[in-house]
Amino acid sequence: MKKFKNFLWAVFVQPLILIAQNKIGLAGFIVLLVIIFMSFVGPYIIPLDTKVKLDKIYQPPSWEHILGTDSEGKDVFSQIVHGGKAVLTVAFLAALFSTMIAVTLGITSGFVGGRTDNIIMFITEVVLTIPQFPLLAVLAAFIRLSNPTLLAFILGAVSWPALTRAIRSQALSLRERDFIEAAKILDLGALHIIFSEILPNMMSYITISFVMAMTGAIYSQVGLILLGLVPLSGQNWGIMIQLAWTRGAIFFKDSLSYILSPILAIVLFQWSAVSFTRSLEGIFNPRLRVRR
Amino acid sequence: MNWTVKLFKSYIFRRAIRAFITVLIVVTITFFIVRLMPGNPIEIYIGQLMSQYGMTFQEAKNAAAALFSLDLDAPLFSQYLDYMKNLFRGDLGRSFVSQGVKVVELIASYLPWTLFSVGISILLSFTIGITLGIVIAYKRGGLLDQIISSISTVLTSIPNYLLGIILLILLGVQLQLIPVSSMRGTVSPGIKAGFTWEFISDVFKHAALPILTYVLSTVGGWILSMRGSTLNTLGEDFVTVAKARGLPERRITFTYVGRNAILPLFTSLTMQIGFMMGGSALVEFIFVYKGVGWALWSSIGQRDYPVMQGVFLIITIAVIVANFLADLLYGKLDPRIKAGGTE
């Protein structure tokens, strides 16, 4: 139990205390929380505007519609509130898949070494060289990605190599540390070493990579939607952009807030994720911290 | 050591072999996607011919075989060998949509534009990025550093295609600074290719928005990496020694710090090339810039599978070759790579 407490402290509480010392990191963290809250709790508070109001097309922001209205006169703000959940869920699952693959392969590669390492690294290098987005686009031509979980799985399945390489090099450097040597001499067993000694020491790094994997998944996911390669429906920031694009909304001067809103929502999420992880990096990498 | 042994042990040779094997693997994967996946293009095409043109199964199959340059009755492995043979002869089959046009010819008309726009963007972005990176590393903590670092973080977090849409909206529609519709495509109709000012300026006019998008969306990353890398290098012993020797500051900045700080960025350069070539599918879609990225999108949309397959292969091969060249350059800049034997 005490061990678990220590683990929680090291993984969640300590980083938060350190985050609070970095202004931009803190801002990123707060924006991240706000977006997550808005996307997952917001829909229960703010009802979705589904009424078509032809006399209110492309209205600029006003008190009634703070982000204006879309090409059918619907309120844009309510669509933003309802459109985050789908995007973030797919990104979360995709990051989960790719991080799981990367951690498993990276740690195996770094610790087992020898031929296993060579084989895993070779596969990793090859997959890493194939440009991700075209591969996804081609796969989307054959697989109907109408199911969010399947979409997340495909996104995760092509995006693990960079992280695998990074985790392997972390594992390699940890392998040489004294406390791992000690654990080996004490014969604590591979599972104990991996789960109690190595993973906790990599947790900060894995957290950073996980958030970055989410931003990558959002890039590909929204890109696929924009190209019309994913037959998803429902409320979704990506679909909002795609609809605005195909309806030619960008060529109307008054539709500015309609098309910019989902774009800004995505950019804000990406920015807050990047700033948050940058400051985490600064905290976990003392070399960067000293010379700030 | 005689020259054959030297050749086999050389960095360039090992790297070339790896690039070649990667190409083979990608080609193989593509073959199996096209040939074996459920609902693969050949089956779809046969079905289309049968239902739309009333062909018998055998007629449709022959037509499909001709289109893909494959003998569909042969065992799968010999089909695979044929496919490889055709590929090395430069035969990628013919387009569905533009009936009878060779895929290779289509690719030859698209690829130069993508290589041109992405290539220029990488050079520009890398040069601007490392210069600004060194500058703000030296002025770390100052106002300039804070402003440039913050802008860089914002720029890196905007997906390139969204940045493209934002540029279109702001410059083209809201401020009406640029004529968006006449900038579509790769060249204006009626302009003859050649070494004329008219042609070259037209090419740059059409490529301007894609290039601006690529540069803006990647330069922030280079600035921040170069800043970090320079800060790391500044603490190295050889810099302290150079200072102790009383070398002029300029010389330390460029020959001692700059040269060494660039090295770690080369690993990101190879990643960046792949990312930009891959992202061209989206950026070229936004600006209707007819390079391979645009061709990938349109061939998928039109279900023109031979073109799609060819374009995907050519994008991947371009990335592999570019990575190979970047690695060679890296090997030249960092002698440790060549001598060390390990990568």
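## Helices α5 and α8 of chain A

Helix α5(A) passes helix α8(A) in a left-handed crossing, a term for the near helix being turned anticlockwise from the far one by less than a right angle, clockwise being right-handed. Helices are DSSP runs (H or I, at least four residues), numbered from the N terminus. This is a predicted model, in which local features need pLDDT of at least 70 and side-chain atom pairs count only at pLDDT 80 or more, while totals for chains, interfaces and linings use all residues. Residues are numbered from 1 along each chain as its sequence is written, chains are lettered from A and ligands numbered from 1 in the order in which they are written, and side-chain values use heavy atoms, with hydrogens and water left out.

α5(A) covers residues 114–129 and α8(A) residues 161–175; they pack at an angle of about 145°, with axes 9 Å apart. Axes are lines fitted to C-alpha atoms, for helices over the stretch in contact, and angles run from 0 to 180 degrees between N-to-C directions. The contact (heavy atoms within 4.5 Å) includes Met121(A) and Leu128(A) of α5(A) and Arg165(A) and Arg168(A) of α8(A). By class, this contact has 5 nonpolar, 2 polar and 4 charged residues. Ala, Val, Leu, Ile, Met, Phe, Trp, Tyr, Cys and Pro count as nonpolar, Asp, Glu, Lys and Arg as charged, and the others, Gly among them, as polar.

## Helix α10 of chain A and its partner α6

In chain A, α6 (residues 132–142) packs against α10 (residues 190–226) at about 45°, with the axes 11 Å apart. This angle makes α6(A) oblique to α10(A); under 35 degrees counts as roughly parallel, over 145 as roughly antiparallel, 65 to 115 as roughly perpendicular and the rest as oblique. The crossing of α6(A) past α10(A) is right-handed. Among the residues in contact are Phe133(A) and Leu136(A) of α6(A) and Gly223(A) of α10(A). The contact holds 5 nonpolar, 3 polar and no charged residues.

α10(A) has a kink of about 50° centred on Met203(A), the bend being the angle between axes fitted to the seven residues ending there and the seven starting there. Just after α10(A), Gly228(A) takes a positive phi of about 75°.

## Helices α12 and α13 of chain B

In chain B, the axes of α12 (residues 265–287) and α13 (residues 292–301) come within 7 Å and cross at roughly 85°. α12(B) is therefore roughly perpendicular to α13(B). Their contact includes Phe285(B) of α12(B) and Trp294(B) and Trp297(B) of α13(B).

Terms used. Helix = DSSP H or I, 4+ residues; strand = E, 2+ residues; numbered from the N terminus.
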